[in-house]
Amino acid sequence: MSRILALGKFLDQPRLVGKFSQSVPLIMGFGGAFMLGNHIKNTEKEKQKNETFRLFSVLSVTMLSALISTRGVKSLGIKGLSNNINLKDLEVSNSKLVDEFVKTNKISKESQKILEKGKNKILNISEISKIYKELDSNKTGKEFLNKFIPEPDNITSKDIFGEIKRLSLMGLIPVLGGIIGGVSGDAAIDNKWKEKVPNKIKEGVYQYLANIFLCNVGAGIALGILEKNNIKSKSARAIGMVSGIILTGVIGGSVIANLISKKCIEPLICSNKKQNQNLYSERKPEAMDLGLHLDDVATVAVLSGLKWIEPALPILYSISGYRAGIGYRNGEKSS
């Protein structure tokens, strides 16, 4: 087995995915604390108290909503949109799987030792290479390995837009959370908080449409076309979906988002003409926006069956929620 394939199998381990998923709240907490600290450090001393409260409100509600949307709240009966892995259940199923295989198949002591470790621990790349080298040469071994570390499942054309809906909703909830957190923070410290609401809504519309929803739709349409033409190559699917993202989201998303804001959103929320002019020149794609398309690369990976990417989506979507919460406009840190 090549190092690249071994790396792929290493990342596909359900236990690794589960462990990564468990660490996401901690990663988000440290990331939020860093952003808050960095922002306050660059804020005038007399404004630091209010800015700390405002930004904490944005970050906490955004990240909390992102985690609830993916993980749910068991005590309230809220089911998350992400398929979480129960590590205790996984240990039980892995133990049963390994014990049955070892009992009925003759394998080396080294491979047996690795499989025993794999019951409740993450295997390293070298260990994965060793068991695949020995066990992947016959039908029984292949069947066992496909259960032990499942192959990525390419979704079918029937499932495409069901997945797109799920991933888009996962992105929408943190953006709404960011707006709610931003409005709440402003309302507590600023008498003129209502004047800042339009920019938060406009930025939320921009972030969701340009950086999340339309990119997901573009990937889905491209994948549908490939499915219709019976193209099943994983590399072709990935390239096709990235192309769909570029055409629909990166290139067209900004224009479409701005158009919807100008024609539908602004007439409802803007109270004066100054807020309602030059929208196209007001919000243009920036380097940070292009960076946010990392979540679209993650979407491509999830649609391609690489489930180890999915736990990172709350982190990536929270960035869009944060920018909506501060009502970001071109060239402004906040508004």
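**Salt bridges, rings and a cavity**

Let's start with Lys117, which is partly exposed at a relative accessible area of 27%. Here buried means under 20% relative accessible area, exposed means over 50%, and partly exposed is in between, using a 1.4 Å probe and protein chains only. You're looking at a predicted model, so local features need pLDDT of at least 70 and side-chain atom pairs count only at pLDDT 80 or more, while totals for chains, interfaces and linings use all residues. Residues are numbered from 1 along each chain as its sequence is written, and side-chain values use heavy atoms, with hydrogens and water left out.

So who is Lys117 paired with? Its side chain meets that of Glu127 in a salt bridge, at 3.0 Å from N to O. That pair links distant parts of the chain: Lys117 sits in helix H5 (residues 109–117) and Glu127 in helix H6 (residues 125–135), 10 residues apart. Glu127 counts as buried, with 16% relative accessibility. The helices are DSSP runs of H or I with at least four residues, numbered from the N terminus. A salt bridge needs a side-chain nitrogen of Lys or Arg within 4 Å of a carboxyl oxygen of Asp or Glu, and that rule gives a count of 10.

Another of these salt bridges joins the side chains of Asp186 and Lys200, 2.9 Å from N to O. Because Asp186 lies in helix H8 (residues 157–189) and Lys200 in helix H9 (residues 197–228), this pair ties together parts that are 14 residues apart in sequence. Asp186 is buried at 1% relative accessibility, and Lys200 is buried at 1% as well.

Then there's Asp190 with Lys196, where the closest N and O atoms of the salt bridge are 2.8 Å apart. Asp190 is partly exposed at 21%, and Lys196 is partly exposed at 23%.

Now for the rings. A pair of aromatic rings is described by the distance of the centres and the angle of the planes. Rings of Phe, Tyr and Trp (its six-membered ring) pair if their centres lie within 6.5 Å; planes under 30 degrees apart are stacked, over 60 edge-to-face, and the rest tilted. The count comes to three aromatic pairs. Why is the pair of Phe144 and Phe148 called stacked? The ring centres are 5.5 Å apart and the planes sit at 15 degrees, so Phe144 and Phe148 count as stacked. Both belong to helix H7 (residues 139–148), four residues apart, about one turn of the helix. Phe144 is buried at 3%, and Phe148 is buried at 5%. Tyr208 and Phe213 also make a stacked pair, because their ring centres are 5.8 Å apart and their planes are at 20 degrees. Tyr208 is buried at 15%, whereas Phe213 is partly exposed at 29%. Ring pairs also link Phe101, Phe144 and Phe148 into a cluster.

Phe148 turns up again in the lining of the largest cavity, along with Gln13, Pro14, Arg15, Leu90, Asn94, Gly118, Lys121 and Ile149. A cavity is a set of points on a 1 Å grid over the protein atoms alone where a 1.4 Å probe fits but cannot get out, and lining residues have an atom within 4 Å of a point.

Key: On a 1 Å grid over the protein atoms alone, a cavity is a set of points where a 1.4 Å probe fits but cannot get out, and a pocket is an open set with protein on both sides within 12 Å along at least five of seven lines; lining residues have an atom within 4 Å of a point. Helices (H or I, at least four residues) and strands (E, at least two) are DSSP runs, numbered from the N terminus.
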